[in-house]
Amino acid sequence: PGRLPLSQVLHISWQVASALAATHAQGIIHRDLKPDNIMLVPDEVSPTGERAKVLDFGLAKLVQGKGLAGAGTRSDVIMGTPLYMSPEQCRGAGSVDAKSDVYSLGVMLYQMLAGRPPFVAEGSGEIISLHLSQEPPSLIELAPHAPAELAQLVHRLLCKPRDQRPTMQEVVDELVQLEARQGSSG
């Protein structure tokens, strides 16, 4: 998909982040967040007339310590869609936590704003290598229409070390603030 209007990017990403923050609070990690797993459905009460639904929790993982039985995942298994996978997911499924979904949302946000994902390559192996070793190109250079605050947020979501990424709830809070500022300036 090409670039989306800023208001639509903010609204869709806020809805997706909200849904994921709720699942993370229940100890569930999606692990395969990508545009194909987001459905926009008509919704009369939504200001935009549509609502984003997060689909396909087929690769979801239950996190231990949340009162749920931990789903064991072998650490040598790569699960997900390479174009949207976090660096830790590229290394193997065993070490994936909620910050992996944060990274995947960052890839989707980047793509909605720039009209292309942060990493473009011929094959899956090369994409995985880029997620592991390269910083994404500057979003501001590819999407000069994007507010600097939003571009900075996207790059924080795409930090290689997961401890430097915000939580999904922090992403929700920042998107709410950005959307409010856009609404008051537009």
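Q: This is a predicted model, so let's start with a cysteine: where does C90 sit?

A: C90 is in helix α2, residues 87-91. Along the chain G80 is ten residues away from C90, and the two C-alpha atoms are separated by 8.6 Å.

Q: What makes C90 buried or exposed?

A: Buried means under 20% relative accessible area. C90 has 4%, so it counts as buried.

Q: Why is S86 called buried?

A: Because its relative accessibility is 0%, and the label needs under 20%. S86 is found in the loop between β4 (61-62) and α2. Leaving out residues up to four places away in sequence, S86 touches S100, Y103 and R165.

Q: What puts the buried residues of α6 on the same side of the helix?

A: The buried ones in α6 (residues 148-157) are L150, A151, L153, V154 and L157. They cover an arc of only 160° around the axis, which puts them on the same side of α6.

Q: Which residues touch the most other members of the largest nonpolar core?

A: V16, L113 and L150, out of 40 residues in that core. Helices α1 (6-25), α3 (98-114), α4 (124-133), α6 and α7 (168-185) each supply at least two residues, and so does strand β3 (50-54). The largest share, ten residues, comes from α3. As a rule, nonpolar side chains in soluble globular proteins tend to be buried together.

Q: What is L113 in contact with, leaving aside its neighbours within four places in sequence?

A: R3, L6, V9, L139, A143, H145, A146, L150 and V154.

Q: What about the whole protein: how many helices and strands are there?

A: Seven helices and four strands, running α-β-β-β-β-α-α-α-α-α-α from the N terminus. Of the 186 residues, 43% count as buried. The accessible surface comes to about 8,900 Å², with 54% of it belonging to carbon and sulfur atoms.

Key. Residues are numbered from 1 along each chain as its sequence is written. This is a predicted model: local features need pLDDT of at least 70, side-chain atom pairs count only at pLDDT 80 or more; totals for chains, interfaces and linings use all residues. Side-chain values use heavy atoms; hydrogens and water are left out. Buried means under 20% relative accessible area, exposed over 50%, partly exposed in between (1.4 Å probe, protein chains only). The arc is that of the directions from the helix axis to the C-beta atoms. A nonpolar core is a set of buried Ala, Val, Leu, Ile, Met, Phe, Trp, Tyr and Cys residues joined through side-chain atoms within 4.5 Å. Contact means heavy atoms within 4.5 Å. Accessible areas come from the Shrake-Rupley method with a 1.4 Å probe; for residues, only the protein chains shown count as cover.
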